[in-house]
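Here is my note on the model you sent over. Please read the points with the structure open.

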Amino acid sequence: MSWVTKTLKSTLGRKLIMALTGLFLILFLTGHVSGNLLLFKGDGGEAFNIYAKFMTTNPAVKILSYLTYISVIGHIIYSILLTQQNKSARPVGYAESKASTNSTWSSRNMGVLGTIILIFLVVHLQGFWAKMHWGEVPMVTYGEEEYKNLFLIVSEAFKQEWLVALYVVSMGFLGFHLSHGFASAFQTLGLNHKKYSPAIKAIGQAYCIVVPVLFASMPLYIYFTS
Amino acid sequence: MKLTLKIWRQKNASDKGGFVTYPVDHVSKDMSFLEMLDVLNEQLTEKGEDPVHFDHDCREGICGMCSLYINGKPHGPLQTTTCQLHMRSFNDGETITIEPWRAKAFPVVKDLVVNRSAFDRIIQAGGYVSVNTGGVPDANEIPIPKTVADLAMDAAQCIGCGACVAACKNASAMLFTSAKISQLALLPQGQVERKTRAEKMVAQMDAEGFGACTNTGACEAECPKGISITNIARMNREYFSAVVSSENV
């Protein structure tokens, strides 16, 4: 076994992959939420549709999107491997446990939160991403060029209460997942320092609120304005 | 004080085990938790029953021998060792649940006694300095500043009791292993074997069947010696820099 595979099979190697993929997904979320802010522009979706075409055709963005797919899959696979290892490390549990006195709920339930986010992701990708790539999307023309009218798809989708509710609730779970995951990834990378750790924690706490709130406000905005 | 003790009894490693409830009376608030168990054991012995087995040695909070998961927390409600826990931390009439450390790598030997030799094997894998470092050097001759020596000393405070493993939801031994790696990585004497040590100790930790770290911080919160999880971050740095730069293929 080479030293690379040996390292990636070690507990610390597995944790490293969780941290790196997690941080990449945080970068992805940042880009995703920033771009989607165009939904608020109130121009009938022109800016959003032009942005969406750029995101699906630009070769650099394409590379980033493949990295995102790899990160999602890697994050899931390694979380399963680690969870299996963690479960087998304590075959007999405690009759009484006061874990809430020494750690946060989110930190102890990252797997549960992640699973809920994965279920949301399936619904989300099926509704928008798959439709955009392989579905029937009405076209719209701005100037000379034709664009897929994804804004119409989004606006139609968020007329359904249940979907809006699902998105808002799911973003709550994402917030809790990030509230631990953000700072935890830096700790796993070995970045724990008197000078920087308080800042990392503060940014993580702000990030886990701001990003999910912005995401959740999109379906709410469309629902109440359409 | 009058107490009800719900204690895990298990004849041997292969026995299934279960909780047995014992009432104890005339417990003084000034007794240590282990003295209270001594009282129970005297009563059991007088009745001809098998006393409750538990680990203990120095009873001064420095050896790391005592354990016990008391009312859902390792070493009980205070951040100290069980031997330094006193009955004034409990209320009259209270029911106290006492369990052994739970981890695959810490199998139960009998009752509340677990086998913690997995920790010894992690130390044997690399937690030593194999060069002769001579006698105690003069303070000003040590080629590291005091702040670094203090960090090494902080890590060296680990008594290897296993409360970190017991507290961790994954039964991870990373706080222990990282304290031992840090202690030597920070000292000049530890430099020669620095990379190999990090690789071997982490490999042994994995081989023993401990879980992974989720960075919940439970270990740090429960450690009777206040070992910080900054040591786990340091272990990660030590390990990753070792695997990419050591000669061990």
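Helices (H or I, at least four residues) and strands (E, at least two) are DSSP runs, numbered from the N terminus. This is a predicted model: local features need pLDDT of at least 70, side-chain atom pairs count only at pLDDT 80 or more, and totals for chains, interfaces and linings use all residues. Residues are numbered from 1 along each chain as its sequence is written, while chains are lettered from A and ligands numbered from 1 in the order in which they are written.

1. Start with B:Asn71. This residue sits in the loop between strand E3 (69-70) and strand E4 (73-74) of chain B. Its phi is positive, about 50°, although B:Asn71 is not a glycine. Most residues other than glycine have a negative phi. B:Asn71 is partly exposed, because 18 other C-beta atoms lie within 10 Å. (The cut-offs: buried means 20 or more other C-beta atoms within 10 Å of the residue's own, exposed means 12 or fewer, and partly exposed is in between; C-beta atoms are placed from the backbone.)

2. Now B:Asn215. Its phi, near 55°, is positive too, in a residue other than glycine. B:Asn215 belongs to the loop between helix H6 (194-207) and helix H7 (218-222) of chain B. Is B:Asn215 buried or exposed? B:Asn215 is buried, because 26 other C-beta atoms lie within 10 Å.

3. Chain B as a whole. It holds eight helices and seven strands. Its C-alpha trace spans about 60 × 40 × 30 Å along the principal axes. Of its 249 residues, 46% are buried. Take contacts in chain B with a separation of 6 or more: 69% join residues 24 or more positions apart. (Two residues are in contact if their C-beta atoms, placed from the backbone, lie within 7 Å.)

4. Domains of chain B. The assignment gives domain 1 (3-110) and domain 2 (116-245). Such bounds come from an automatic or database domain assignment. The domain centres, taken over C-alpha atoms, are 29 Å apart. In the contact, 18 residues of domain 1 meet 16 residues of domain 2. The domain 1 side has eight nonpolar, seven polar and three charged residues. (Ala, Val, Leu, Ile, Met, Phe, Trp, Tyr, Cys and Pro count as nonpolar; Asp, Glu, Lys and Arg as charged; the others, Gly among them, as polar.)

5. The contact between the chains. Chain A contributes 36 residues and chain B 39. On the chain A side, the elements giving two or more residues are helix H1 (3-9), H2, helix H4 (59-88), helix H5 (105-108) and H8. H2(A) gives the most, with five residues. By class, this side of chain A has 13 nonpolar, 17 polar and six charged residues.

6. Helix packing in chain A. Helix H2 (residues 11-36) and helix H8 (residues 161-188) of chain A cross at roughly 135°, and their axes come within 9 Å. (Axes are lines fitted to C-alpha atoms, for helices over the stretch in contact; angles run from 0 to 180 degrees between N-to-C directions.) H2(A) and H8(A) are therefore oblique to each other. (Under 35 degrees counts as roughly parallel, over 145 as roughly antiparallel, 65 to 115 as roughly perpendicular and the rest as oblique.) Residues making the contact include A:Leu16, A:Gly22 and A:Ile26 of H2(A), and A:Phe182 and A:Ala185 of H8(A). The contact residues divide into seven nonpolar, three polar and one charged.
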